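Hi,

Here is the structure I promised to pass on. Have a look at it, and then read my notes below.

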Amino acid sequence: MRNAIIFLDSGDTLVDESTEVRIKGDVVDHAEFFPGIKEVLFQLKNAGFRVALVADGLVESFDNIYQQHEMETYFEVRAISETVGVCKPAGEMFKTAMEKMNLEEADKKYIIMIGNNLERDIVGANRMGITSVLAGYSPRYRMKPENEEETPDYVVCDPSEIPALIEMLDKQMENKKQLGW
């Protein structure tokens, strides 16, 4: 069993928002992933990592996008703002994913949140005491932190860097666990 637990944002982390086609107002009918994301999700799942979608938006949008790509089974759970009732950086988003995965407060040290938005994903993870990773390849959002709370623990500049970072962090977690962390 792997130590690291991955929480992933969707828009402009996995899905390229510039490819979204909307119907019924705000509902996304379909969209494309960033190049290499499908392979990253496949690698993480096959390597035995637990993965949760922690994203702001509408359930129907996520259903449409992930079913379109036959990727809905890559997430153990989904914490979506429409059903949680708040958006990131609210701690409830992260707590909902944790509860659905039967994780406790002590498990936070194993969670890695990957997202593209400093104000939502990174601040939310940092406030929760969760390792934060900025998806620095997102073209639409500010990438320079304006304060300590927005400063990610790690930055990936390309989706292909995610598996190696997760493997490294997982090994560090295993080493600390063996030392009684």
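The largest pocket has 22 residues in its lining, and those nearest its centre are Gly11, Glu17, Asp56, Gly57 and Phe62. (A pocket here is an open set of points on a 1 Å grid over the protein atoms alone, where a 1.4 Å probe fits, with protein on both sides within 12 Å along at least five of seven lines; lining residues have an atom within 4 Å of a point.) This is a predicted model, where local features need pLDDT of at least 70 and side-chain atom pairs pLDDT 80 or more, while totals for chains, interfaces and linings use all residues. Numbering starts from 1 along each chain as its sequence is written, and side-chain values use heavy atoms, without hydrogens or water.

Back to the pocket: its space comes to about 390 Å³. Strand 2 (15–23) gives the largest share of the lining, 4 residues, and helix 2 (59–68) and helix 5 each supply at least two. (Helices are DSSP runs of H or I, at least four residues, and strands runs of E, at least two.) By type, the lining has 7 nonpolar, 6 polar and 9 charged residues, with Gly counted as polar.

Helix 5 (118–128) also packs against helix 4 (91–100), at about 70 degrees and with axes 9 Å apart. The two are therefore roughly perpendicular, a label for angles of 65 to 115 degrees. Gly91, Phe94, Lys95 and Met98 of helix 4 meet Arg120, Asp121, Gly124, Ala125 and Met128 of helix 5, contact being heavy atoms within 4.5 Å. Those residues split into 4 nonpolar, 2 polar and 3 charged.

Cheers

Notes. Axes fitted to C-alpha atoms, helices over the stretch in contact; angles between N-to-C directions. Parallel < 35°, antiparallel > 145°, perpendicular 65-115°, else oblique. Points joined across faces, edges and corners; volume = space filled by probe spheres on them.
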